[in-house]
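Please read them alongside the coordinates.

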Amino acid sequence: MRFKELIFPLRVEEEEIVEKFYEEGFFNFAIEEDEKGKRVLKIYLREGEPLPDFLKDWEIVDEKITTPKDWIVELEPFEIVEGVFVDPTEKINRRDAIVIKLSPGVAFGTGLHPTTRMSVFFLKKYLKEGNTVLDVGCGTGILAIAAKKLGASQVVAVDVDEQAVEVAEENVRKNDVDVLVKWSDLLSEVEGTFDIVVSNILAEIHVKLLEDVNRVTHRDSMLILSGIVDKKEDMVKRKASEHGWNVLERKQEREWVTLVMKRS
Ligand SMILES: C[S@@+](CC[C@H](N)C(=O)[O-])C[C@H]1O[C@@H](n2cnc3c(N)ncnc32)[C@H](O)[C@@H]1O
């Protein structure tokens, strides 16, 4: 999938940008340093997709057609964590491993990003046969499909992006697994309680998720929160602790942190 990449100088605080994108329901963006060490905002638009309103007056420093690097799906299957393979070719057939067939789609979640890999790592480590799992911000559905193949009894996957919901549904069909995929803004459409809630979004969004997560969990549930930039880890931990959650384990790759939490 090709996107139009637009680059803007970063004029406001990163938190403010994330908040604005969140309000507009726009998630295909990155904040990076350019070659001179200046912070820039990169956004990715699908064909025909309009520019988010608040960026209309911003100066564009560069524009090109691209495939964002974290979304490129390898043509070869790869082992995301030990014993779990992601197979975009749909050709591998192994009885000794878990294989997730994954179509290249427009949604985030190819398995190449460290935040996805760490989420699968913790699902593999903590998921027990028969657990119920909720995947919030499912993207391609990779975590939900992994959870089901790791032995979950019931899996619900939600995303606020309609196209992600479609891609996840297609991947669920390809893998022939029983996963319910639905549109939901965080937990707005979620009912019931789950043994594990896994979510790979952003620190700011986890803070919102934590406001409501006790409604869909029980005293022994586990939370796996990924996509947290290290400098925002404390913000997430503080909010989690206000709602009774303590960190059981953490893992970090580059600046990305994943937290596993249980209630005290
Ligand atoms: C970083 S991707 C994660 C995809 C996949 N779960 C993975 O781990 O690779 C984050 C996903 O969260 C979704 N998202 C962002 N805000 C959301 C919200 N408020 N409610 C539900 N999904 C949301 C985005 O649309 C995107 O698909």
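1. In what order do the 4 strands of the open sheet lie? The order is β2-β3-β1-β4, with antiparallel pairing. Strands here are DSSP runs of E with at least two residues, numbered from the N terminus, and two of them pair if DSSP finds at least two bridges between them.

2. This is a predicted model, in which local features need pLDDT of at least 70, side-chain atom pairs count only at pLDDT 80 or more, and totals for chains, interfaces and linings use all residues. Residues are numbered from 1 along each chain as its sequence is written, and side-chain values use heavy atoms, with hydrogens and water left out.

3. The edge strands, β2 (29-33) and β4 (62-66), each pair on one side only. Strand β1 (residues 3-9) pairs with β3 (residues 39-45) in the antiparallel sense over 6 bridges. Within β1 and β3, Pro9 stands opposite Val40.

4. The ligand is surrounded by 19 residues, counted if a heavy atom lies within 4 Å of it. The closest are Thr116, Asp159, Asp185, Leu186 and Asn200. By class, this shell has 10 nonpolar, 6 polar and 3 charged residues, with Gly counted as polar and Cys and Pro as nonpolar.

5. Polar contacts are pairs of N or O atoms within 3.5 Å. A side-chain N or O atom of Asp159 is 2.6 Å from an oxygen atom of the ligand. Nitrogen atoms of the ligand also lie 3.2 Å from a backbone N or O atom of Val160 and 3.4 Å from one of Cys138. Taken alone the ligand exposes 600 Å², of which the protein buries 94% (Shrake-Rupley method, 1.4 Å probe).

How values were computed: Polar contact = N/O pair within 3.5 Å; in protein donor to acceptor, adjacent residues only side chain to side chain.
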